[in-house]
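The questions below ask how the labels used for this model follow from their cut-offs.

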Amino acid sequence: MWRKAYDQWPYLRRDMKFLKIFLDDFMRDAIKYTEDARRETITAMDVIYALKFQGCTIIHYVDLV
């Protein structure tokens, strides 16, 4: 049982690295949209635009974008 959990570490590291890169890029884009609008608070629309820029369109918010 311990061996099975130990074998999963390379996959977990790869997934954590991918998630970190995605979140870094996503947050940078959301901050960029906020700064371009000369605001200090990130809004939901900034998040939606940043996700759309990353290629992850939220289906329920397509009408707003």
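**Labels and cut-offs**

Q: What makes the pair Ala30 and Thr34 a polar contact?
A: A polar atom of the Thr34 side chain lies 2.9 Å from the backbone oxygen of Ala30. A polar contact is a pair of N or O atoms within 3.5 Å; within protein, one must be able to donate a hydrogen and the other to accept it, and residues adjacent in sequence count only if both atoms are side-chain atoms. The pair is therefore a polar contact, at 2.9 Å against the limit of 3.5 Å. This is a predicted model, where local features need pLDDT of at least 70, side-chain atom pairs count only at pLDDT 80 or more, and totals for chains, interfaces and linings use all residues. Residues are numbered from 1 along each chain as its sequence is written, and side-chain values use heavy atoms, with hydrogens and water left out.

Q: Why is Thr34 called buried?
A: Its relative accessible area is 4%, and buried means under 20%, exposed over 50%, partly exposed in between (1.4 Å probe, protein chains only). Thr34 is therefore buried.

Q: Which residues is Thr34 in contact with, leaving aside neighbours within four places in sequence?
A: Arg39, Glu40, Thr41, Ile42 and Asp46, where contact means heavy atoms within 4.5 Å.

Q: Where are Trp9 and Thr34 placed?
A: Trp9 is in helix 2, residues 9–36, and Thr34 is found in helix 2. Helices are DSSP runs (H or I, at least four residues), numbered from the N terminus.

Technical notes: Helices (H or I, at least four residues) and strands (E, at least two) are DSSP runs, numbered from the N terminus.
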